[in-house]
Every structure is written in C-alpha cells, then in structure tokens.
Amino acid sequence: MNLLEVDNLHVQFPTRSGTFDAVRGVSFSLGRERLGIVGESGSGKSLTGRAILRLIKPPGIVTADKISLEGENLLDLSERQMRKVRGQRISMVMQDPKFSLNPVMRVGEQIVEAYSQHTRASRKEAKAKAIEMLEAVSIRDSERVFRAYPHEMSGGMGQRIMIAMMLIPNPQILIADEPTSALDVSVQTQVLSIMDRLVQERGMGLVFISHDLNLVSAFCDRVLIMYGGRVVETCRADQLYNAKHPYTQGLLNSLPRLDTPVNRLQVLQRDDAWMTDNPQLDDKPDDLTQPHISKTDAETP
Amino acid sequence: MNNSNASASGASTITGLRAWLNAEVPGSRWQARASAWYHGWLEFKSNRLALLGLLILIALVLIAIFAPLLSPHDPYTQNLSNRLLPMGSEGHLLGTDSLGRDLLSRMIYGARITLYIVALVALIAPVAGLLVGTVAGYLGGWTDTVLMRLTDIFLAFPRLVLALAFVAALGAGIENAVLAIALTAWPPYARIARAETLTIRSSDYISAVKLQGAGAFRIIVKHIWPLCIASLIVRITLDMAGIILAAAGLGFLGLGARPPSPEWGAMIADGRRFILDHWWVATMPGLAIFTVSLAFNLLGDGLRDLLDPKSQGK
Amino acid sequence: MTTAAGKPPPTEYRSGWTRGSIKLARVIGSVLVTMLGLLFITFIIGRVMPIDPVISVVGERATKEVYDAAYQEMGLDKPVLVQFFYYLSDVVRGDFGTSYLNGRPVADEIRRVFPATLELATIGTLIGIIFGVPLGMIAAVKRDSWIDQVARVVALVGYSMPIFWLGLVGLLVFYGILGWVGGPGRVGIFYVDIVPPVTGMILIDSALDGQWEIFWDAVSHIVLPASILGYYSLAYISRMTRSFMLEQLNAEYVTTARVKGLSEWTVIWRHAFGNIKVQLITVIALSYAGLLEGSVLTEIIFSWPGIGSYITTALLSADMNAVLGGTVVVGLVFVCLNVLSDLLYSFFDPRAK
C-alpha cells in the first residue's frame, strides 16, 4: 500500500469577486520514494503540501475525495487526532529558517519540544536525543547550537536545525517546501544531501516542492508538474527531458543548458486551455488526455 | 483595481458614467484619477462603521451651519424661574441648566465651537509638523538632528499637562486652548512627514528634478508635500477624537471657552454640581462629545484601512 | 514604535562590552538632552506668564523699594540665560521654589501628593493588563468573530469617551444611585489622616499598620477611579495586543509549531505570545505614562489628592511655581518610563543583544 494517497484535492479561497481556486483536482500517491512537485509561484504546489497536513485555515476551503495516510483518511480525523499525525507521521520543512524558527526560543528548546510532544521522554533523554539529532545533520558544535538563538545561526545552519527538528519524532513522510531556495547557493547542495541521506536511511517518503526543475530532476525519483492549480504532467525524474506537455517543454526550454547552448532562451508561453478540465492539447492528444497521475504509475520502488 | 467586482455589482444598472469610471485603460489623466477615487469610495462604502462616522460628521456640520434655525431657544437667554427643568419639559426637550437656559439649544450651538476648535487645530498642527518634518528630512545633517531632538522633547511631555501649562501661561480662552492643543499635537506629524521625506528623497525622480535645477524649497513644496498628504490625513482624522477630548477637558477645567459660551466641556463642568439630582445637565453634553469623537474614530479607522497599505485591514 | 528601531547597525566591530557601554552612554545622553529641553520649555512658559511673580510674593500694595528688592532677589534683573541656569541648578537640587499660595516648598508638596497618583495609575494599569491582554489575544485568535467585534467596540468607545464625563456618570450610578462604592476622596471622612504615611499609598500604609477597616474603605474608594482609568488602559492595550498577535499568527514559525503537532493553546501562548511579550512591555509602559496624565481629570472628578489635582488647583490660583514643578515632575516620569521600556526591550529580546 502507498504511504500517502491524495485524490481530487481542491483548495479554494473566497474573495470579493468570487471563489479563487488555488488547487483544482490534484491527485497523486506517494510510496517510500522521493516525489518532486514543480511549478511556478501561484501554481498551488505549496498549498498542496499544506493541505495534506490540514494547515489551511478558514476562510480557505479544502475538499478532496480522500487524503489517506496508510489507508486512514486524514479528512475524517478530529483536530486532536490530526495533531498526532503532524510531526509524528508527516512533517514539513519550510522555505526560510529565518522565519520558520521561533526567534525568541532557544534552538534546543524548539527541538526538544518537537520530540517531547510525541514521546513520554524525560527532559534529559529529550536533550540527549536532540543533541544526537543535531549531530546527525552534521552540526559539530551541537552543545553550543543547542543553547543558541536562531538569529545567531546562518541560513544553512538554520535549515539543518529545521530538518533535525522535523525528523526527530521519526515521521514517515517529510514535505520539504522549497527547502533551499532561501539559502546561499554554496550550501544548498550540502543541506539537500543531508536531508536526502536521512530520508533514505529512515526509509521515508519525501515530497519535495520546488520551482527548480534541475534540482528536482537531480534529487527525486518522480516529478509532478503543476500549473494553475492542477497537475499537468507526471513522469520519472530521469525521463523529464522527454516530457510531452507543452508547459513542461516550455519550462525546460527556458533553462540554460550547457550541453545544448542556444543564443536566446525561449520565453515561457502559457495557454489558458491548460487550466480547463480536459485539456485538449493540439500536438499530442493521445497520451495526455489524462494529465493526472494514474495509481499504477505511482507504485514504483 | 478590483474592476471586476465593481462592474459585477453594478451589472444591472450599468450607466455610461459607471462604465467610464470602470474603464480598464483610462483615456486621460483626469479619468484615471476619477476612477481611482471612485474605487476608493466603493471600498470605503463597504465599511459600514466608517460610513456611519462620516454621516454623523456631515450631520454635525449641518447642525453647526443651521444652528439658529434648529435651536428652539436662544442659547444665552437666562430664565431663573425655569432653572433645572427635567428632560421632556414643555418647550425644553432636554431640560434647562442652572440658569434656565435651554440645553438642546446650547448643545446645538456647542457644535459650532467644537468644529471651530477642531478645524483650527487640524489646520495648524499638521502644517507645522509637515514643515518641520520635511525640512528636517530633506536637509538632513544638523538641521535634522536639532529639529528631531526638539520633536522628541515635545513628544516626551504628557500632552494634556503641557497644554495646561501653556494655557496657564497664555491665559484661558478658546484661541489659547486651540494654540495649546496645536503646540502639543504637531510632533507626531513631524515624525510622519520626516519618514515619508526620507523615502522620497532618495528616489530617482527627485534626482531628475534636481538635475533640472530645482532648489530645495521648490522640491519640498512641489514634490514632497503632496506625497505626504495621504498619511497625514489619516493621522489627522485619528487625532481628531483626541483633540475634541482635550478641548473638552480644558473647557471642563475652565481653561477653554469662557462662559457663557456653550462649550460642551464647560457645560459638563457646570452640570457637575447638580449631578446627583439633575443628572441630564452634565450627561447630555458628554454624550455629544462622545458621539462626535466616536464618529471621528470610526472614520479614521476606515480611512486608514483604505489609504495605509501596511494595515491591510480587510 | 521605539526610536531605537531606525538606527543603523554599527559599521565596525567592537567587543560586546564596549558596544554596551557606548549604547548606554548614548541613552543617557539623549535622556539628558530631552530633560534639558523639557526644563527649558517649562522655564519659557514661566517667563511668558502674564502674571507678575514679584507681586505674588510681595503683595499688591508693596512699596516700590520692597518690590525692587524682591525683583533683584528673585534674579529677574539678570539675562534670561543666566536665569535659566539658576532655575536649572535649583531643579537639580530638587528645589522647585515655594508655592505662592501657601509658602511651602513645591518639592515637598509634590512628594506628598505624588504617591496618591502613583497608586491610582498603578491599579488602573493592572486592571488594563489583566483584562486588556486576554481580550486582545482572543480578538486576534478569533479574528472577525463576534468577540472580535465586541473588543473593537469596547476599544473604540474607550478612545472616544471623555474621561471626566465617564467618571461623573460612574459616580452618579455606582455611588449616587447604587451605593456600591465609596464616594470622592481616598477614604471616608472619618478615616482621613489616621494612618501614618510610610509609602504615601494608602492601601499599603493601612495594611502595614494593620488598619483593615481603613484598608477596605480605601479599596471601596479607589475601585471606581481605578476602573475608569483601567478602562482607557484596557482599550489601548487590547488593541495593540490584537495587532501584534495578528502579525505573529501569520508568521511562519507558528506554522512550524503547528507542524510539530502542538495544541493550538501551546502554539498561541508559548510561541506567538512569547514573541509579543517584549512589544507588550513597551505598550504597557506607554499606557502607564498615559494614565499618569489621564489621572489629571479623573482626580478632579474624584477629589483625589494627587498630582493632577495639585497642578489644576495651582493653575486656577496662578501659582506658577507649583504648576511648573508639577509639569516637570510628570514630564520626568514620562521620560523615565520611556527609557525604562527601551532598556527592558533590549534586555528581554534576544535579538537586541
């Protein structure tokens, strides 16, 4: 069975001029694999991640046929039961550690809090575990970092702390929402490889949300391409360059590539037809009439 | 902005004017401006409380203008045989005060005094603040340090106590009360104007104007002042309630308008002696003060939501 | 909110200790300049006074010689700056001159009346904190609910109500009609001047002396004026709490806390509230200073023998030394509270170090 199955997920926000559909009918499933979700800003990729954790507050409206975690539909859980899912079974790393760590709480306290919430560990055990976790994300000076405040940390350090904090209750799924886009380019790879190693070691499922096609294709097993709140294409990461949907192709062509240099990069073309229910694509209608991922497709490794 | 909304709500009664105001691409500068005002008005109108505040204030202005027509009696005529009549007495809807003067008429005339004070303070304080703030912000250096230090010193004073001391020095009276309140009210405007100036000063179009040879005076007056106005107006509206309360407080202490003028604060002071037996004499003018300053607060809140992008109060 | 926020970061590296002492020196310097300015303004106000201070001392019927002698003795023949210097050195020594009205030193009088104001403003602020902070928190958490609307109305009414009028109506209803509270003054007429003054705050003094009857009488007298002041403080504190909280609740670390599986209570109180504590300290200090001022009108309504009553009485009898002395003291307390809140800010906020 898949770890996570999302079926026909919708996220809507009422506005003065009617309802805004931010996510419209997204379906996918996740095994113990690394799934990338790629899209431009406003494509609904972050909201998809947050909707899984039921973090979207009113007036936002989330509906889905199901969001099931190992067969249990998260939409049926009470808020109290949902709190047991958050952190312990599904966790999330956010974009910028400058904002996602509490600025007036010591780093150690924040990690200990994440651990003690789901275990009956004593304060001492929790601290030992937190130190161990800090070391697991390659922080050498763990005792000092434990006592430090977030603003005393660099961005890369902060994100590693964030990863430690989110993995300490040993969840099955980690949602990483643009985990490296706020970081310095020089530490991006380091942070990613730490995250990657831990996820692999623990046999977790990873949902990697990003706008960066190259990054995703390098780090993930499978990729969903989102546009205008829906999944327009899904494929294996190593097959990405053979993608068929015009949007994906547009994305690929607007990236500079060393192996096939061009004089002028293509400007991304958009088509409102991609946002309608059954996109009729002129060029290759045969294999793209169903842009959502089919379930058989997901049962990979 | 929000074109679709406006046109949707008016879909059934689209008139030429509305279509013109909602045009996606304005044809002239005048149309763009009118359209911006129109959309601002639509947004303002959706805030019912702010609209209520505006209506109360319009009513206040009308009452002040037509005071002689509206008031049933002369506000100054004493009639000792009719003193302290209760509310609902014949010919005196709100009763009479300790000298037999009709309370309703006095309250109606009091609206004039309140408006007079508010208008004067609202003219003096922001202009003084604007002057100090823009000059300090634009010239910078020592001018800035000295002027802002001065502002800080005035800000450090408790406003009412400082106003009291000023009135004590200048002598009681409505003009002196206005002056005292204005003297304590200008520093926040100076702060705002300076902050705005600092952001505007470094912008490219100011450099462009400078390159054309404009002097500091011209730049401040023609290019910086107009841009400070919006935030100052919001602040003025929010300050009005405080100004009314301060003026009423001075009047209550006998330091504002001199008797027999029907100033609301002074009327409360007058009624205070009879509060236990003739409660309406002090209570009614208080309600008037309360209503007017509430109206200013409601309007100010609405304007802030509308004009201040930072408050994002939807 | 605070003036410190706009300062550019130091460009060169200094050790923490030196940087701390430089900062402290800067704070002290700015306080001194502010106080000097404050004194200069009160001095100028005293100069432009149309009342001749000499006549208040020697009386209307004094001869020319007596008048001139007094004129010289008071230093009025010296240049204005020299006079200011005299004034300054007097104030530094804690000398505000003598009251024209009763010949007693103004400083002593202020020392006598100030505790009454302090007592009133302190209890008012406590009421404002106890009710205002939770109200603002609930309003922010349940944004746009009916309770948010109620909190909004409560605050708007507080901002719009003339305080002296509210005091009058309060006296009418709770004292005149219902008889629930004591009337004007700090204690009933039979208890005046019985308790030996230690702190000058009658609640503390009567408790220290074991005079519980007087204590409860004093409580019944302070309840109403303190509640009315407290209402103003509540209006301000609840509004500020709400807007601070709204800002924090949108912050990403709050989402992090929720992702950890924490309960909403913990998210709100441990995480979000933890982040507004420092800002709240500033707001509370400002509201406390505001109450010291707001007590001027309240004290008159309630015949409360505090500094507000003192200044107004002096004002009406043109006792300028007393007016200026009182103004200076209230101004100094204002400045001190501002500095205190700035210092607390940098003490409690880990980012400010």
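User: What makes E1 and E2 of chain A count as a pair of strands?

Analyst: Strand E1 (residues 4-15) and strand E2 (residues 18-30) of chain A are joined by 10 bridges and run antiparallel. Strands pair if DSSP finds at least two bridges between them, so E1(A) and E2(A), with 10 bridges, qualify. They form a hairpin with two residues between them, and Pro14(A) stands opposite Thr19(A) in E2(A). Keep in mind that this is a predicted model, where local features need pLDDT of at least 70, side-chain atom pairs count only at pLDDT 80 or more, and totals for chains, interfaces and linings use all residues. Residues are numbered from 1 along each chain as its sequence is written, while chains are lettered from A and ligands numbered from 1 in the order in which they are written.

User: How do you know which parts of chain C to trust by pLDDT?

Analyst: pLDDT is the predictor's confidence in each residue, from 0 to 100. Chain C averages 83, and 90% of the residues score at least 70. Over residues 1-14 of chain C, pLDDT stays under 50. Where pLDDT is low, the predicted coordinates should not be read in detail. For the model, ipTM is 0.81 and pTM is 0.82.

User: Why is Gln211(C) called partly exposed?

Analyst: Gln211(C) has 19 other C-beta atoms within 10 Å. Buried takes 20 or more other C-beta atoms within 10 Å, exposed takes 12 or fewer, and partly exposed is in between, with C-beta atoms placed from the backbone. So, with 19, Gln211(C) is partly exposed. Gln211(C) sits in the loop between helix H8 (202-208) and helix H9 (212-249) of chain C.

User: What is Gln211(C) in contact with, leaving aside neighbours within four places in sequence?

Analyst: Those partners are Val195(C) and Ser206(C). Contact means that the C-beta atoms, placed from the backbone, lie within 7 Å.

User: What makes H8(B) mostly covered?

Analyst: In H8(B), 10 of its 12 residues are buried, among them Leu160(B), Leu164(B) and Phe166(B). A helix here is a DSSP run of H or I with at least four residues, a strand is a run of E with at least two, and both are numbered from the N terminus. Helix H8 (residues 159-170) of chain B therefore clears the helix cut-off with its 12 residues. Its reach from first C-alpha to last is 16 Å, close to the 16 Å expected at 1.5 Å a residue; the expected span is 1.5 Å times one less than the number of residues. After H8(B) comes Gly171(B), whose phi is positive, near 100°.

User: How many helices and strands does chain B have?

Analyst: Chain B has 13 helices and zero strands. Of its 314 residues, 42% count as buried.

User: What makes up the side of chain C that touches chain B, by class?

Analyst: The contact takes 39 residues from chain C and 36 residues from chain B. By class, the chain C side has 29 nonpolar, nine polar and one charged residues. Nonpolar means Ala, Val, Leu, Ile, Met, Phe, Trp, Tyr, Cys and Pro; charged means Asp, Glu, Lys and Arg; the others, Gly among them, are polar.

Methods. Two residues are in contact if their C-beta atoms, placed from the backbone, lie within 7 Å.
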